[in-house]
Amino acid sequence: MSKKADELLAGTSKAAGAPAALVLEDGAVFRGTSCGAAGEAFGEICFNTSLEGYLEVITDPSYAGQIVTMTYPQIGNYGVNSDDTQAARPALRGLVVRDMCATPSNWRSEMSLGDYLREQGVVAVEGVDTRALVRHVRDHGAQRAVISTADMDEASLLRKVRASASIVGANLAATVSCEAPYEVGAGDLPASQAFAVAPPAEARFRVVAYDCGAKRSILQNLVRAGCAVTAVPWDTPAEEVLAMEPDGVFLSNGPGDPEAVEGTYTQVEKLLGQVPVFGICLGHQMMAKAAGAEIEKLKFGHRGGNHPVMNLLTGRVEITAQNHGFGLVFPSLGELVPSLSGGFDAHEADLRAWVERGVAPVVDNPRFGRIRLTHVNLNDGTAEGVAFLDIPAFSVQYHPEASPGPTDAHYLFTAFTRLMEGQSVILSERSESKDPSKTSASFTGEDYLDIDIAADRLAGWTFGEQAATVAGAKGGSHA
C-alpha cells in the first residue's frame with residue numbers, strides 16, 4: 001500500500017495484517033493480507049455464495065480439504081457464537097475474504113471471527129478481489145491452491161501447490177467422522193437458539209445416523225422432528241446398525257470424493273430395503289453408489305444458500321443450501337420406465353428437460369427396482385433428489401437444515417418421520433396378517449413427500465406459533 005494509505009489505516013481500529021498470497025495451480029496469483037492464523041495451507045479452492053452464516057460455513061465438516069472463498073464482501077460483522085458452530089473445530093484448510101470485520105457488533109457475539117480463526121489455527125487472507133477469483137474458478141474449474149503468510153515467492157508457491165495432494169480419490173470423510181458412537185437428544189439443543197427455534201417434538205423414532213462429517217444442526221433437526229439419534233462412525237458395519245433395531249437410518253453430509261468412501265456405501269447397500277433410509281449430500285451419493293450409479297465431479301460445485309431446486313412431485317421451487325463438488329449421474333441408475341416417465345424412453349443429459357415436461361421420471365434399477373427422480377437443480381440441470389419406489393428410502397443432494405440458508409427444505413425431516421411411521425404400520429399389518437400381500441405396503445415416492453413446505457418450515461420457528469395464535473384469535477373474533 002502507499003504511505004498515505006498506511007497513515008489512514010493506522011488511524012482506524014483495524015491494524016494492518018501481514019502480507020499473504022494465494023496461488024492456484026494454473027498460475028493465477030492473488031495477494032492480500034493475513035486475517036487469521038499465520039502459516040501455509042493447501043487445498044482445493046472453492047467459493048460459497050451465502051450472504052450470512054459464515055461461521056456455519058467455516059465449521060461445516062464437508063469443507064475438509066478445501067480453501068473456501070466467501071463471495072459476500074464483508075465477513076465477520078456479527079462475530080462468533082460457539083452455539084452456531086457445526087463441529088468442534090473447523091475442517092477447512094483456509095479462508096479467503098474481501099474484507100474481515102475486526103470489531104463485530106451483535107448481542108450474541110463472543111469474539112471476532114479473526115480471533116476465532118487464529119485460535120483454531122486457520123490460515124486466512126483478506127484484501128483479495130474475490131469477485132475476480134470466483135470468476136476465475138467458474139471459468140477454469142476447481143483446482144488446488146495454497147495460501148501463505150510465510151512465502152511470498154510466486155514461483156516457489158506454484159511449485160508447492162502443484163506438488164500437493166488432490167482431494168480426488170481421498171477419503172476425507174474418515175478424517176471428520178466420529179471415533180465412537182454418541183447420542184444426540186433434546187438436551188443437546190443450543191439454549192441460546194430457543195428465542196427463535198420452536199421446542200423439539202417428543203422423541204418417537206430411534207434413528208441411527210452415519211456420521212461422515214455430520215453438521216450438528218442436521219442431527220439437531222432430526223431431534224426436533226421427533227427422533228432420538230445415535231450417531232456412528234462412517235464405516236460401522238450394517239449388521240451392527242440393524243442390531244440396534246432402529247426405526248430408520250440417516251446418512252449424513254460429508255467431504256470429498258464419494259468414490260473413496262467405500263466403507264460407507266458398501267454398508268448402505270446392505271441396509272437398503274431392510275430399514276427406512278434418508279440421505280443428504282454425501283449420504284445421497286452413498287445411496288447412489290449402493291445402487292450402482294456413477295458419480296461425476298462438478299466443474300466448480302454447488303456451495304451457497306440460494307440454489308433453486310425444482311421438486312418434480314409438487315411442482316414447487318425450493319431455494320436450497322448446498323455444499324458439494326460431486327454429483328449423481330441420474331441415467332446411470334438404470335433404463336427409463338416409459339409408463340412411469342410420461343411415455344419417454346430416452347434419458348436427458350440436462351435434467352431440466354423433465355422440469356419442462358412436468359414429469360418425474362422413473363428408472364428400473366438392477367439392484368433395488370424402481371427409482372424416481374424427485375428434484376432437479378435449476379441452475380445446471382443436475383440431479384438433486386431421488387426416491388426408491390419399491391423400498392423405503394429417499395435422498396437429496398442439498399442441505400435441508402438451513403445452517404446457513406433458507407428453510408424451504410425443512411419438510412424433508414418431516415418426510416423421514418412419515419416414512420418411518422408408514423413402515424411401522426406396514427410391519428405391524430404384516431405381523432398380524434396371514435397374507436402379507438393384502439397389507440397397505442406401498443412406497444410410491446410421493447405420499448410421504450407430499451408436504452406443504454410453507455406450513456412445515458413455519459412450524460420450526462417460534463414466530464410460526466405466534467402467527468398461528470394470532471390467526472386463531474382473529475378467526476375467533478369473526479365467529
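Ala, Val, Leu, Ile, Met, Phe, Trp, Tyr, Cys and Pro count here as nonpolar, Asp, Glu, Lys and Arg as charged, and the others, Gly among them, as polar. The model is predicted, so that local features need pLDDT of at least 70 and side-chain atom pairs pLDDT 80 or more, while totals for chains, interfaces and linings use all residues. Residues are numbered from 1 along each chain as its sequence is written, and side-chain values use heavy atoms, without hydrogens and water.

**View 1. The second largest pocket.** A pocket is an open set of points on a 1 Å grid over the protein atoms alone, where a 1.4 Å probe fits, with protein on both sides within 12 Å along at least five of seven lines; lining residues have an atom within 4 Å of a point. Of the 20 lining residues, Gln86, Ala87, Ala88, Ala214 and Arg216 lie nearest the centre. The lining comprises 11 nonpolar, 4 polar and 5 charged residues.

**View 2. The largest pocket.** Its lining has 36 residues, with Glu56, Asp84, Gln193, Ser403 and Trp461 nearest the centre. These 36 residues divide into 11 nonpolar, 16 polar and 9 charged.

View 3. The largest has 46 residues, and Leu272, Leu333 and Phe388 make the most contacts (heavy atoms within 4.5 Å) inside it.

How values were computed: Core = buried A, V, L, I, M, F, W, Y, C linked by side-chain atoms within 4.5 Å. Buried < 20%, exposed > 50% of the residue type's maximum accessible area, 1.4 Å probe, protein only.
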